[in-house]
Amino acid sequence: MRCPYCNSTDSRVTDSRPDTEDAIIRRRRVCNQCGAKFTTVERVQMRDLLIRKNTGKIEQFDRDKLRRSIKLACRNREVSDEQIEKLVTSIHRRLETETTDDSISSSVVGQMVSDSLLNLDPIAFIRFVSVYRKFSKISDFKKIINQIPEMADDDMAQACHLPQTSLF
Ligand SMILES: [Zn+2]
């Protein structure tokens, strides 16, 4: 940060105050060259996110679409709307802050979602991964299930979309 008085880049922070309401941080600084005091404001810079599909098509990041696909994976599971919203927000922020490319591959998004779902609910994780990786064989499920440390049989059945109640 350049001193507004002498242009020196040598300054130190004497105080940081977060302003949670505006999501900004104010920093008091002192110039080590001329001793002048000044304040800088740090703010999160939101940017437009572009998602690159496997087909090469580029689309604007759609937060609602992401929420819908997570909700679908969590259907009938003990995952609250609030947890889903937190997950969506966390992935949105990570895409904004952890990626630098002009467009983000949809597989990066898919990986972030599946990593988060694995922590939240293993069934939702399997459902999501099976759709986003376009599973076509039972062996695809087996491979992914083996990644999950422990899984009860009824959970396994649900994951494979088998009904829990009698069919007849
Ligand atoms: Zn200065």
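How many residues does α3 have, and how far does α3 reach from its first C-alpha to its last? Helix α3 has 15 residues and reaches 21 Å between those two atoms, close to the 21 Å expected at 1.5 Å a residue; the expected span is 1.5 Å times one less than the number of residues. The model is predicted: local features need pLDDT of at least 70, side-chain atom pairs count only at pLDDT 80 or more, and totals for chains, interfaces and linings use all residues. Residues are numbered from 1 along each chain as its sequence is written.

**Overall architecture**

- The protein chain has six helices and six strands; helices (H or I, at least four residues) and strands (E, at least two) are DSSP runs, numbered from the N terminus.
- Along the sequence, the pattern of the protein chain is β-β-β-β-β-α-α-β-α-α-α-α.
- Of the 168 residues in the protein chain, 15% are buried. A residue is buried if 20 or more other C-beta atoms lie within 10 Å of its own, exposed if 12 or fewer, and partly exposed in between, with C-beta atoms placed from the backbone.
- Among contacts in the protein chain between residues at least 6 apart in sequence, 43% join residues at least 24 apart; two residues are in contact if their C-beta atoms, placed from the backbone, lie within 7 Å.

**Helix α3**

- Val109, Met112, Val113, Ser116, Leu117 and Leu120 are the buried residues of α3.
- These residues cover an arc of only 125° around the axis, which puts them on the same side of α3; the arc is that of the directions from the helix axis to the C-beta atoms.
- Asp115 and Asn119 are exposed on the face of α3 turned away from its buried side.
- The cover over the buried residues of α3 includes β4 (50-52), α1, α2, β6 (104-105) and α4 (122-132).

**Helix α2**

- Helix α2 (residues 81-98) has 18 residues and reaches 25 Å from its first C-alpha to its last, close to the 26 Å expected at 1.5 Å a residue.
- Leu87, Val88 and Ile91 of α2 are buried. Seen down the axis of α2, its buried residues fall within an arc of 100°, so they line one face of the helix.
- Glu82, Thr89, Ser90, Arg93 and Thr97 are exposed on the other side of α2.
- Among the elements that cover the buried residues of α2 are α1 (63-73) and α3 (106-120).

**Packing of α2 against α3**

- The two helices α2 and α3 pack at an angle of about 145°, with their axes 11 Å apart. Axes are lines fitted to C-alpha atoms, for helices over the stretch in contact, and angles run from 0 to 180 degrees between N-to-C directions.
- Gln83, Leu87, Ser90, Ile91, Arg94 and Leu95 of α2 make the contact with Val109, Met112, Val113, Ser116 and Leu120 of α3.

**Arg17**

- Arg17 belongs to strand β1 (residues 11-19) and is exposed, with 10 other C-beta atoms within 10 Å.
- Leaving aside neighbours within four places in sequence, Arg17 is in contact with Ile25 and Arg26.
- Arg17 and Arg28 lie 11 residues apart in sequence and 8.5 Å apart in space, C-alpha to C-alpha.

**Positive phi angles**

- Asn76, in the loop between α1 and α2, has a positive phi of about 60° although it is not a glycine.
- Lys134, in the loop between α4 and α5 (138-145), has a positive phi of about 50° although it is not a glycine.
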